[in-house]
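Grab the sequence and the 3D view, and let's work through a few exercises on helix packing and a pocket. Try each task before you read its solution.

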Amino acid sequence: MLGRKVQKPRRQPGARGVILVGFMGAGKSSVGRALAEQLGWTFEDLDDRVERREGRKVPEIFRDSGEVGFRRAEHAALKELMRELQSAPKRIVALGGGAFVQKENARLVAAGRVPTIFLDAGVEELWRRCRQQARREGIERPLRGSLERFGELYEARRRHYLKASFRQETGGKSVAEIVTEVIEALGLEQRRGDRRREQRGEKW
Ligand code: S3P
């Protein structure tokens, strides 16, 4: 597999926010929510903002306006969010799987000077998680396609994700384990009392 080098995390105890990037099924929303909970920060999913602004669900945007229309809406939502982050920090943000891949979005994120974390896993595991979410929660992803197409898209995007501040492996780990590793890597301060709270070790 291409470039499986481990990037060395840089500790950023004073970070104003954290942005999670990675492919579909990487756990950006689940990890983001749990991370925000541990830190006492707020969590935001960029796709939710896109849907609010558009008054339509993501699959509807893809269906009615195509991927081009979705990317336009996504960029506008990210611009708004990055502006807010300047005055209302302490936010964990999960980007949709294609957002960080777009050059103009990567530029916006870099200008915001907040650490970015690439949540990664093997492609079979990412596929399995997406399929499970579709079955259990009815989450449909317009770009999931076949396993073959899914794998190709992942490989094509991976070099972009690797531009994040660091890569966090999520394969075979529980959400709680990932959260602990991210907090340690960035040297962030946990909400008082949470450090000793017993964490549940549930898998995906
Ligand atoms: C997309 C991933 C989705 C969503 C949209 C496009 C992509 O988000 O933004 O369907 O291009 O990979 P998740 O990564 O949360 O599934």
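This is a predicted model: local features need pLDDT of at least 70, side-chain atom pairs count only at pLDDT 80 or more; totals for chains, interfaces and linings use all residues.

Residues are numbered from 1 along each chain as its sequence is written, and side-chain values use heavy atoms, with hydrogens and water left out.

**Exercise 1.** Work out how H1 and H7 are oriented to each other.

*Solution.* Start with the elements: helices are DSSP runs (H or I, at least four residues), numbered from the N terminus. The axes of H1 and helix H7 (residues 175-186) come within 9 Å and cross at roughly 60°. Axes here are lines fitted to C-alpha atoms over the stretch in contact, with angles running from 0 to 180 degrees between N-to-C directions. Now the classes: under 35 degrees is roughly parallel, over 145 roughly antiparallel, 65 to 115 roughly perpendicular and the rest oblique. H1 and H7 are therefore oblique. Next, the hand: H1 passes H7 in a right-handed crossing (the near helix is turned clockwise from the far one by less than a right angle).

**Exercise 2.** Which residues of H1 and H7 meet?

*Solution.* From H1 come Ser30, Val31, Ala34, Leu35, Gln38 and Leu39, and they meet Val175, Ile178, Val179, Val182 and Ile183 of H7. Sorted by class, that's nine nonpolar, two polar and no charged residues. For the sorting, Ala, Val, Leu, Ile, Met, Phe, Trp, Tyr, Cys and Pro are nonpolar, Asp, Glu, Lys and Arg are charged, and the others, Gly among them, are polar.

**Exercise 3.** How is H3 oriented to H4, and what is in their contact?

*Solution.* Angle first: the axes of H3 and helix H4 (residues 103-112) come within 10 Å and cross at roughly 0°. That makes H3 roughly parallel to H4. Then the residues: Glu74, His75, Leu78, Lys79, Met82 and Gln86 of H3 touch Glu104, Asn105, Leu108, Val109 and Gly112 of H4. The tally is four nonpolar, four polar and three charged.

**Exercise 4.** Describe the largest pocket and its lining.

*Solution.* A pocket is an open set of points on a 1 Å grid over the protein atoms alone where a 1.4 Å probe fits, with protein on both sides within 12 Å along at least five of seven lines; lining residues have an atom within 4 Å of a point. The largest pocket holds about 920 Å³, the space filled by probe spheres set on the points, which are joined across faces, edges and corners. It has 37 lining residues, and Ser29, Asp47, Gln133, Ile139 and Arg141 are the closest to its centre. H3 gives the largest share of the lining, six residues. Class by class, the lining has 12 nonpolar, 10 polar and 15 charged residues.

Definitions and conventions:
Helices (H or I, at least four residues) and strands (E, at least two) are DSSP runs, numbered from the N terminus. Contact means heavy atoms within 4.5 Å.
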